[in-house]
Amino acid sequence: MKNEGIGISVPRREGREKLTGAALYVADQIWPGRIYGATVRSRVAHGRILGIRFAEGIPWSEFTIVTAKDIEAMGWFNRVESIEPDQPFLAGEFINHAEEPILLLAHPDRHLLERARRAVTVEVEELPAVLDLDQSLACRQAVGGRDNLFKEIRIEKGDPDGVWATAAHVVEGEYRTGAQEQLYIETNGMSAEVTQGEDGPGVTVRGSLQCPYYVHTALTQLFHLPGPRVRVLQMDTGGAFGGKEDYPSIIAGHAAMLAWKAGGPVTIVYDREEDMACTTKRHPSRSRLRTAFDAEGRLLAMESDFLLDAGAYCTLSPVVLSRGAIHALGAYRCPNVRIHARAVATNSPPNGAFRGFGAPQSLFAMERHMDIAAARMGLDPVTLRRRNLLKKGDLMATGQIVTEDLDLEGLMDRALADLGYPHKRAAFARHNAGPGMVKKGVGFSVFMHGCGFTGSGELHLASVTGVRTRADGRVEVLAASTEMGQGKETVFTQIVSEALGIPNELVSMGGVDTREVPNSGPTVASRSTMVVGRLVADAATGLKQMLMDQGFLRDGGPEGWREAVQRAHAQSGGMTCFSQYQQPANLVWDDVHYRGDAYPTYAWACYAVELSVDTVTWEVKVEDFVARQEVGRVINPILAAGQVEGGVTQGLGWALWEKVETAQGRMVNNQMTNYIVATAQDLPRIRVRFEENNPYALGPGGAKGLGELPMDGPAPAVLAALQDALGLLELREVPVTPERLLEAVEADHG
Amino acid sequence: MDEGRMQLELTVNGVRRAVPVLPMARLLDVIREDLGLPGTKEGCGEGECGACSVIMDGKLVNSCLVPAVQAQGSELLTIEGLAQGGTLHGLQQAFLACNGAQCGFCTPGMVLASVDLLNRCAHPSEPEIREGLAGNICRCTGYVKIVEAVQAAAGTVRP
């Protein structure tokens with residue numbers, strides 16, 4: 001039998017549909033009688049709504065219109081279900097951020113709809129807006145949360161205060177990271193229809209989304225409907241990265257309210273400008289770090305004041321902050337730690353989940369700080385890492401013990417050798433001393449990414465998956481995990497194929513439809529392969545056992561597998577085996593004090609980059625990039641490499657090109673013309689290397705999580721390489737656009 | 001015919017078609033809605049991302065920037081017309097084998113841009129491939145597997 005199980009680069013299952021144009025995304029769906037929806041949004045960051053005017057010349061009676069008053073009149077719940085129910089579907093009296101939705105319109109003619117949207121004027125009494133962290137922390141004006149904080153976390157270990165006075169070196173620094181636009185190529189979109197059942201009306205939505213059960217919960221709350229009367233289906237999803245984690249709940253609510261009032265199906269698909277202006281971005285951050293070292297450069301104490309700009313509503317900021325805080329110490333051993341992390345409310349559009357989820361921000365600060373500290377102490381950055389990198393038996397910031405046989409130093413050495421770091425460093429130093437206009441540098445970062453949900457997240461989720469028989473003799477996977485380009489369809493197939501010893505063609509992936517699949521949790525946090533994949537393997541194994549116990553399958557197959565499943569299905573009317581997450585007994589986590597096992601396991605990496613800088617234009621060119629990581633067992637090498645290459649590219653963009661420009665709280669470069677992401681010409685061939693020495697015992701086949709890790713490493717590596725090329729110490733902020741680089745050079749030359 | 005509409009006659013994926021359209025309608029909308037071929041995608045609506053790329057009279061165009069009137073009498077190739085009778089085009093096969101498509105949304109445009117590139121240059125170097133595809137933005141792949149797919153299809157590197 002052809003081996004199509006774990007470790008094989010089988011082609012993407014849904015690849016053929018995607019390559020022939022047959023894949024159906026939300027905007028592609030032909031739905032008889034559907035009309036289009038649009039959203040009127042706030043132009044101001046903070047204000048009180050005085051009235052809404054409808055200009056003449058538009059046949060308003062043809063339009064379906066929904067406002068906050070209509071939501072109230074219908075008795076619906078005008079709050080989007082999330083960690084805190086603070087965000088309204090539509091602003092009623094107060095506007096708390098620019099682009100906040102105020103009114104919904106629907107009409108069959110898209111062109112007339114757009115004219116109508118522009119013909120609605122919201123009269124507003126503008127109020128002072130809080131648009132930066134310091135203003136918010138000063139708390140002279142309440143924006144959100146308690147004292148303008150949506151979440152505050154303290155992680156304490158040892159006693160840093162006992163160290164500062166006596167340490168050989170104390171290094172302080174402030175680091176900032178900018179917002180980042182998701183820029184999935186398919187914008188957010190959702191279709192909704194209202195169905196009439198025997199027990200009353202129900203709502204069905206289909207769209208571009210990561211987390212069907214988040215949308216499901218939001219809609220049941222909005223309409224006060226029992227769960228079975230809300231149905232959520234995922235269409236093919238054109239990229240997500242976290243940007244379709246919580247936002248789809250809002251657009252689904254909007255489409256569903258319009259559909260309810262219109263009495264027919266409604267589709268809302270954002271255009272690019274709207275999507276960029278209003279949907280969630282990576283949180284901007286500010287880190288203030290202080291570290292103490294002994295004379296040899298060993299870390300004695302570390303203190304971090306870590307801030308995230310959450311925007312006007314809570315959304316997922318508390319958990320983004322949590323991951324950021326836990327990663328703030330990086331992959332280092334340090335006996336005395338104090339991390340103070342706060343998610344701060346401002347009158348900006350809410351920021352949210354984006355690949356890495358807080359970790360890229362805090363890891364950037366720590367890695368940058370270590371390079372600056374090395375230079376201050378006259379140590380080579382490699383040497384400083386060598387003296388401080390975590391090893392087996394060490395304690396992390398939360399007191400979690402490193403239990404795996406971790407060889408981070410070796411991983412670092414191998415990545416640096418791949419790049420040719422040692423000899424390039426010397427050669428470039430000679431080159432840069434010369435008169436050439438182009439300077440060259442090399443840099444690297446060492447880091448980790450916690451796999452799966454933070455702390456007790458998985459315990460609370462208690463995810464369920466199933467595998468069932470089909471009449472055609474295949475087995476079908478039932479999971480709410482969504483394919484968004486990462487390869488879940490293929491990877492889950494391989495996991496089942498491996499568990500049952502059957503070819504991939506005998507494994508069917510059911511569509512994601514809340515009427516069919518159990519809640520296996522959201523498709524986030526690098527958890528789908530490691531956590532949900534394991535549940536899928538267990539359910540598959542359970543089904544096989546059922547087939548054997550009931551005499552349908554004699555020796556476990558694969559011979560006669562199809563016939564056995566067909567027989568079992570026909571005779572039993574269909575058999576399903578479910579599997580539910582059980583928290584491993586050895587994982588202990590204290591949510592209040594942030595002590596214990598923050599993650600069940602970690603992926604580890606060293607990324608190294610070579611770049612050149614044109615000192616006339618200050619353009620930076622990435623010449624070579626090595627991404628070496630330990631991710632447990634790799635299920636599908638070619639898909640995994642694709643994840644890393646894509647993540648690295650987003651990380652390079654965050655470091656060098658992608659700058660969200662705002663004015664009075666509104667994004668002003670919300671176009672692909674002036675928000676710059678990498679093209680094929682801007683990149684070298686990213687060289688991906690996997691190490692599989694430390695399989696995770698509870699992951700399917702030993703797999704760990706992978707998807708977010710590659711976002712963490714590029715930015716600090718790039719700034720280290722710029723430091724190497726230009727001899728600048730004061731690069732502490734991303735993105736480093738050519739303008740920023742020029743400013744830094746001028747500041748450095750005093 | 002509705003007032004203001006013109007009869008657009010063109011050959012789409014080898015088939016003669018005639019549809020009434022507004023002269024300044026975007027070719028993208030005509031392809032998706034009037035011709036019923038939703039494989040061509042809208043990513044930005046301003047000619048930056050290349051998701052709406054199609055081949056018109058042998059040249060790659062951003063269909064979001066082409067007014068319908070300009071397509072009168074033209075020969076159009078969209079992603080739906082690339083595979084022949086269920087057999088994938090060599091580039092489609094290479095994209096599948098090399099994992100050149102992830103979320104799939106830039107893919108129709110990217111594949112057609114690759115077809116156009118290989119039409120112009122049968123054996124491109126890696127820099128030529130990167131330049132040839134620079135008008136098509138992909139947010140998922142980092143372009144590595146796309147470059148490898150084009151190389152494989154061109155026979156410059158074995159997959």
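This is a predicted model: local features need pLDDT of at least 70, side-chain atom pairs count only at pLDDT 80 or more; totals for chains, interfaces and linings use all residues.
Me: What share of the contacts in chain A join residues at least 24 apart?
Reply: The share is 81%, taken among contacts between residues at least 6 apart in sequence.

Me: Why is Gly200(A) called exposed?
Reply: Count the neighbours. Gly200(A) has 10 other C-beta atoms within 10 Å. The label exposed applies at 12 or fewer. Therefore Gly200(A) is exposed. Gly200(A) sits in strand E10 (residues 200–207) of chain A. Its C-alpha atom is separated by 39 Å from that of Ser526(A), 326 residues away along the chain.

Me: Why is Glu99(A) called buried?
Reply: Glu99(A) has 24 other C-beta atoms within 10 Å. The cut-off for buried is 20 or more. So Glu99(A) is buried. Glu99(A) lies in the loop between strand E4 (94–95) and strand E5 (101–107) of chain A. Its phi is positive, about 70°, although Glu99(A) is not a glycine.

Me: How do you know that Leu183(A) is buried?
Reply: The neighbour count decides. Leu183(A) has 24 other C-beta atoms within 10 Å, and buried needs 20 or more. So Leu183(A) is buried. Leu183(A) belongs to the loop between strand E8 (169–177) and strand E9 (189–197) of chain A. Leu183(A) is not a glycine, yet its phi is positive at about 55°.

Me: What makes helix H8 of chain A mostly covered?
Reply: Ten of the ten residues of H8 (residues 317–326) are buried. Among them are Ser317(A), Arg323(A) and Ile326(A). The cover includes strand E7 (149–157), strand E14 (299–311), strand E15 (336–345), helix H9 (359–377) and strand E16 (438–451) of chain A.

Me: Which peptide bond is called cis, and what is its omega?
Reply: The bond runs from Val734(A) to Pro735(A), with omega near 5°. Pro735(A) lies in the loop between strand E28 (733–734) and helix H20 (738–748) of chain A.

Me: Which domains does the assignment give for chain A?
Reply: The assignment gives domain 1 (15–24 + 457–580), domain 2 (32–127 + 189–269) and domain 3 (285–454 + 593–748). The C-alpha centres of domain 1 and domain 2 of chain A lie 34 Å apart. Their contact takes 16 residues from domain 1 and 18 residues from domain 2. On the domain 1 side, seven residues are nonpolar, six polar and three charged.

Me: What makes E2 and E4 edge strands in the chain B sheet?
Reply: The open sheet has five strands, in the order E2-E1-E5-E3-E4 (chain B), with mixed pairing. Strand E2 (15–21) and strand E4 (59–62) each have a single partner strand, so one side of each is left without a neighbour in the sheet. The twist averages 40° from one strand to the next.

Me: How do you know that E3(B) and E4(B) pair?
Reply: Count the bridges. E3(B) and E4(B) share four, in the antiparallel sense. Pairing needs at least two, so the strands pair. Val54(B) stands opposite Val61(B) in E4(B). Helix H1 (residues 27–34) of chain B packs on the sheet, touching strand E1 (6–12), E2 and E3. The direction of H1(B) makes about 110° with that of E2(B). H3(B) also packs on the sheet, touching E3 and E4 of chain B, at about 35° to E3(B).

Me: How many residues of chain B are in contact with chain A?
Reply: 42 residues of chain B are in contact with 40 residues of chain A. On the chain B side, helices H2 (90–98), H3 (107–120), H4 (126–132) and H5 (144–154) each give two or more residues. By class, that side has 24 nonpolar, eleven polar and seven charged residues.

Conventions. Residues are numbered from 1 along each chain as its sequence is written. Chains are lettered from A and ligands numbered from 1 in the order in which they are written. Two residues are in contact if their C-beta atoms, placed from the backbone, lie within 7 Å. Ala, Val, Leu, Ile, Met, Phe, Trp, Tyr, Cys and Pro count as nonpolar, Asp, Glu, Lys and Arg as charged, and the others, Gly among them, as polar. Domain bounds come from an automatic or database domain assignment. Axes are lines fitted to C-alpha atoms, for helices over the stretch in contact, and angles run from 0 to 180 degrees between N-to-C directions.
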